[in-house]
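Work through the exercises below with the model open. Try each task before reading its solution.

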Amino acid sequence: MAEAALNAMAQQLVDLTLCKTRYDAWDLQWYTEGPFWRRTNMRYSREYKIIPDYEIGDMKHGKTLENILDESESLSKSLEQYKVNAGEKEMQRVNYLLDHVQNLNVRARMLLGERFSFDQMTDGLYCLVAPATDCQKFDDILEELNQALPGTGTVQEKIVAFREKLAIPPEHLLAVIKDSTQVFHDIAVKRMDVTGNSMPRVRVRELPSKDMVFLSILFGYDYNHIEYERNFNLLYPWTVDKVVEYVGHEMEPGHLTYFEKRLQTMIDTCWPEMSIVSQFSTSNAFGEGSARHVISMSFDNSVEKLTEFEREVIFRNAGIDPGLAELMPLWHRFCELSGYGKLEASRKIWDQVWTEEEAGRFLERYGFAEPGTGAEIVGHMAEDDGHFVAHDYSRDVVREYFNSVTGDVTQQWKLYEKLCCAHVSMRGIKDRTFRVE
């Protein structure tokens with residue numbers, strides 16, 4: 001009876017989250033409406049990200065944001081009452097549901113116009129608060145880049161020139177994406193308990209805007225098979241580092257593998273909450289952070305092995321000078337710090353410490369935006385203000401957690417698989433107290 005009550009509350013959380021998609025169109029990262037699903041019509045779009053390609057919010061009728069807010073508060077109280085007498089084995093699940101109800105509640109309040117500080121916002125949505133970044137790190141990496149990058153001019157000009165050297169010619173993009181996808185797929189199959197049935201089909205094509213990186217289309221799924229297609233945008237400015245990020249992170253062994261393991265867990269346990277991943281939630285913060293860290297794990301946490309992969313698979317397929325690969329470890333450190341620069345800019349704009357113009361100049365000063373593009377980058381950042389906490393800071397929180405549990409890469413892969421199926425607490429990951437059997 002106790003499990004039935006907890007399942008009922010979990011289903012209420014799922015239903016409220018689905019209702020919210022009517023007001024929060026980009027919220028849903030993943031949803032499995034049942035144990036098995038197969039597309040039965042051609043009602044899908046190759047121009048917009050809709051999974052599974054219809055308005056899921058239309059399934060739930062009659063709830064306003066105020067209704068969602070009220071019901072989330074009532075659900076939180078019910079879960080707190082349940083927690084008083086919950087067994088030890090239930091506690092992780094109860095805490096997971098409480099965190100996600102809080103995430104839902106805070107997001108509904110935001111949609112209704114309530115204001116929070118940046119740190120309150122990210123704590124409410126992701127259960128994460130990123131500390132302030134010391135800008136001395138930005139100055140230090142600029143000095144290293146100035147010494148190492150080829151060419152003349154200012155360091156900002158050298159950064160622009162080097163990024164251009166890393167550009168993937170459109171005519172070579174399909175070969176680069178296909179071969180990179182194969183490498184990451186093979187790593188996922190070797191390292192994890194997956195059948196290999198879920199390798200996505202990849203295509204390249206021009207999408208409606210250069211700002212659309214890719215378009216995902218889900219055609220069906222069952223217990224160990226996700227039939228999935230990803231269309232990569234020929235108009236997007238692809239560089240070597242972006243290929244690594246958007247293949248390993250977004251597909252296998254990153255998000256697609258995470259979704260596959262959650263699907264299996266939902267079927268094995270009948271836990272409704274495993275059917276869904278909301279963008280504005282702690283489960284997504286773990287999904288984003290772990291998907292970024294798993295790229296490093298794919299190469300045994302060795303920057304030398306990552307560089308070799310980039311040289312042999314990406315540089316050669318793209319026709320880029322393989323000699324430039326020796327600069328990739330430094331370039332990746334710069335890209336990581338770029339995320340933290342954008343995090344700080346997001347925080348200061350949100351908290352009204354900086355104007356958008358000041359933030360744009362900051363990004364340009366450190367090479368995180370090319371000259372004259374700072375305002376455009378700031379505009380894109382405003383579409384998802386907590387992005388760099390849920391992605392970049394979460395990556396480092398997850399990395400530190402994994403390394404604190406075990407330094408052995410094989411054991412880290414086993415830990416990753418267990419966590420994909422678990423009721424993860426980002427607070428527990430942050431303070432390193434979360435444990436899985």
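**Exercise 1. The second largest cavity**

Which residues line the second largest cavity?

Solution. Keep in mind that this model is predicted.
- Step 1: Take the volume. The second largest cavity holds about 40 Å³ of space.
- Step 2: List the lining. His185, Val189, Val194, Gly196, Asn197, Ser198, Glu252, Thr257 and Glu260 line the second largest cavity.
- Step 3: Find the elements. Helix 7 (173–191) and helix 9 each give two or more residues to this lining.
- Step 4: Sort by class. The lining of the second largest cavity has 2 nonpolar, 5 polar and 2 charged residues.

**Exercise 2. The largest cavity**

State how many cavities of 30 Å³ or more the structure holds, then describe the largest.

Solution. 
- Step 1: Count. There are 2 cavities of 30 Å³ or more.
- Step 2: Take the volume. The largest cavity contains about 140 Å³ of space.
- Step 3: Look at its centre. The lining has 15 residues, and Leu13, Thr17, His100, Ser278 and Ser281 are the closest to the centre.
- Step 4: Find the elements. Helix 1, helix 3 and strand 6 (276–278) give two or more residues to the lining of the largest cavity. Helix 3 gives the most, with 4 residues.
- Step 5: Sort by class. This lining splits into 6 nonpolar, 6 polar and 3 charged residues.

**Exercise 3. The second largest pocket**

Describe the lining of the second largest pocket.

Solution. 
- Step 1: Take the volume, about 630 Å³.
- Step 2: Look at the lining. Of its 22 residues, Lys89, Gln92, Trp271, His423 and Glu437 lie nearest the centre of the pocket.
- Step 3: Find the elements. Helix 1 (2–20), helix 3 (91–111) and helix 9 (255–269) give two or more residues to this lining. The largest share, 5 residues, comes from helix 9.
- Step 4: Sort by class. The pocket lining has 7 nonpolar, 5 polar and 10 charged residues.

**Exercise 4. The nonpolar cores**

Which residues of the largest nonpolar core touch the most other members?

Solution. 
- Step 1: In soluble globular proteins, nonpolar side chains tend to be buried together.
- Step 2: Name the residues. In this core of 105 residues, Leu145, Ile168, Trp238, Ile314, Tyr416 and Met426 touch the most other members.
- Step 3: Find the main element. Helix 12 (residues 328–350) gives the most to this core, with 9 residues.
- Step 4: Follow one member. Leaving aside neighbours within four places in sequence, Ile168 is in contact with residues including Trp238, Val243, Ile314 and Ala318.
- Step 5: Look for another core. A second, separate core has 20 residues, among them Leu13, Leu65, Leu98 and Leu104.

Conventions. Residues numbered from 1 in each chain as written. Predicted model: local features only at pLDDT ≥ 70, side-chain atom pairs only at ≥ 80, totals over all residues. Heavy atoms only, no water. 1 Å grid on protein atoms, 1.4 Å probe; cavity = no way out; pocket = protein on both sides within 12 Å on 5 of 7 lines; lining within 4 Å. Points joined across faces, edges and corners; volume = space filled by probe spheres on them. Nonpolar A, V, L, I, M, F, W, Y, C, P; charged D, E, K, R; others polar. Core = buried A, V, L, I, M, F, W, Y, C linked by side-chain atoms within 4.5 Å. Buried < 20%, exposed > 50% of the residue type's maximum accessible area, 1.4 Å probe, protein only. Contact = heavy atoms within 4.5 Å.
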